[in-house]
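Please look over the sequence and the structure shown below before reading on. This short report takes up a few features one at a time.

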Amino acid sequence: MISDNLIVMEKAIKLIKNRSDIGAGTRGSDLGIDAIEIAAINQDSDYFNQFEFEDVKTHNESIYDKNRSTSAKRIEHVVEQCTRVCHAVKKNLEQNYFPIVLSGDHSSALGTISGIKVAYPELTLGVIWIDAHADLHSPYTSPSGNIHGMPLSAALADDNLSCQNNEVPLETQEHWEKMKNIGSEGAKVQAEDVIYFGVRDTEEAEDKQIEKLHIRNYKVHEVRYRGLQNCVEEALAELTNCDMIYISFDVDSMDCDMISYGTGTPVPKGFDQYEVIAIINQIIESKKVVCLEFVEVNPLLDTKGNKMAETAFEVLEAVTSTLILPIE
């Protein structure tokens, strides 16, 4: 149980709810937050009554607009949405809240990262990306044009032009430049300060980018073979120079066969929820975490009822308990 009398590293938790799925290729992740809340209700948990929350305005109706760009679908609206998320995260950090961002598709992470960086421009940000996918595409390389596969490239401000295989219209290029400069100009994080956990479904352009940028990826089999605690300790040591850490948790990092297919791009051979909880909790214990984000629960694709949302809530409740410290 979570105590009613609590602090979070001397900050109160604020839930930021971003029900947007316009960066995804499949509709439904906009319903993920509600599915998680239903999971909490069904478990007789009052989690969502314990914390203040803020709803971010969305533009989901743009999904019905004719795509003007196949290399970056609905990019003008994704820029708008990430800007809203950036402002929400920045505002809440400046008000001394600890933001837990609950989002639809993973394009939102760019807005979150941008908001953190604008709130703390002089501090070095580390990013721990728990995901089945690298999300390192740009409009120049993306095979699908879905922007939920691009947030890290935008945050790194790296287009990976050496792997370009798309002709990108000028209008899309202009929107992409705006996307990379949300909140402040240029890169929000450096490649040496990005660490993956669980990435296992990538395209050639991303593989070359990971190799070029030397981004460390702790794959599922390595974490199990070497020991989860050892791998997280090593990851934190690699981020020693970082003043703060953002954790981005995509539920597709979990094994779809073991857990659920209730996510836009399910991938087998992933983590279970207990491994994810252990990874996040150990990172939280470093006292450097300033923001968490949960993304990509899609109840419309769940063949096991509401299983993915239930599992996501299990992770959410467990890591929130680690964030919370009883007042002495």
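## The model

The structure is a predicted model.

## The largest pocket

The largest pocket holds about 330 Å³ of space. Its lining is made up of 22 residues. Those nearest the centre of the pocket are His-133, Ser-144, His-148, Gly-149 and Thr-265.

Sorted by class, the lining of the largest pocket contains 12 polar residues, eight charged residues and two nonpolar residues.

## Helix H3

Helix H3 covers residues 75-94, which is 20 residues.

Just after H3 comes Asn-96, which has a positive phi of about 70 degrees.

## H3 and H6

The partner of H3 in this pair is helix H6, residues 170-180. The two axes come within 9 Å and cross at roughly 15 degrees. H3 is therefore roughly parallel to H6, because angles under 35 degrees count as roughly parallel. The crossing in which H3 passes H6 is left-handed.

## H10 and H11

Helix H10 spans residues 273-284, and helix H11 spans residues 307-323. They pack with their axes 9 Å apart, at an angle of about 25 degrees. H10 and H11 are therefore roughly parallel to each other. In this pair, H10 passes H11 in a right-handed crossing.

Methods
Residues are numbered from 1 along each chain as its sequence is written. This is a predicted model: local features need pLDDT of at least 70, side-chain atom pairs count only at pLDDT 80 or more; totals for chains, interfaces and linings use all residues. Side-chain values use heavy atoms; hydrogens and water are left out. On a 1 Å grid over the protein atoms alone, a cavity is a set of points where a 1.4 Å probe fits but cannot get out, and a pocket is an open set with protein on both sides within 12 Å along at least five of seven lines; lining residues have an atom within 4 Å of a point. Grid points are joined across faces, edges and corners, and a volume is the space filled by probe spheres set on the points. Ala, Val, Leu, Ile, Met, Phe, Trp, Tyr, Cys and Pro count as nonpolar, Asp, Glu, Lys and Arg as charged, and the others, Gly among them, as polar. Helices (H or I, at least four residues) and strands (E, at least two) are DSSP runs, numbered from the N terminus. The expected span of a helix is 1.5 Å times one less than its number of residues. Axes are lines fitted to C-alpha atoms, for helices over the stretch in contact, and angles run from 0 to 180 degrees between N-to-C directions. Angles under 35 degrees count as roughly parallel, over 145 as roughly antiparallel, 65 to 115 as roughly perpendicular and the rest as oblique. A crossing is left-handed if the near helix is turned anticlockwise from the far one by less than a right angle, and right-handed if clockwise.
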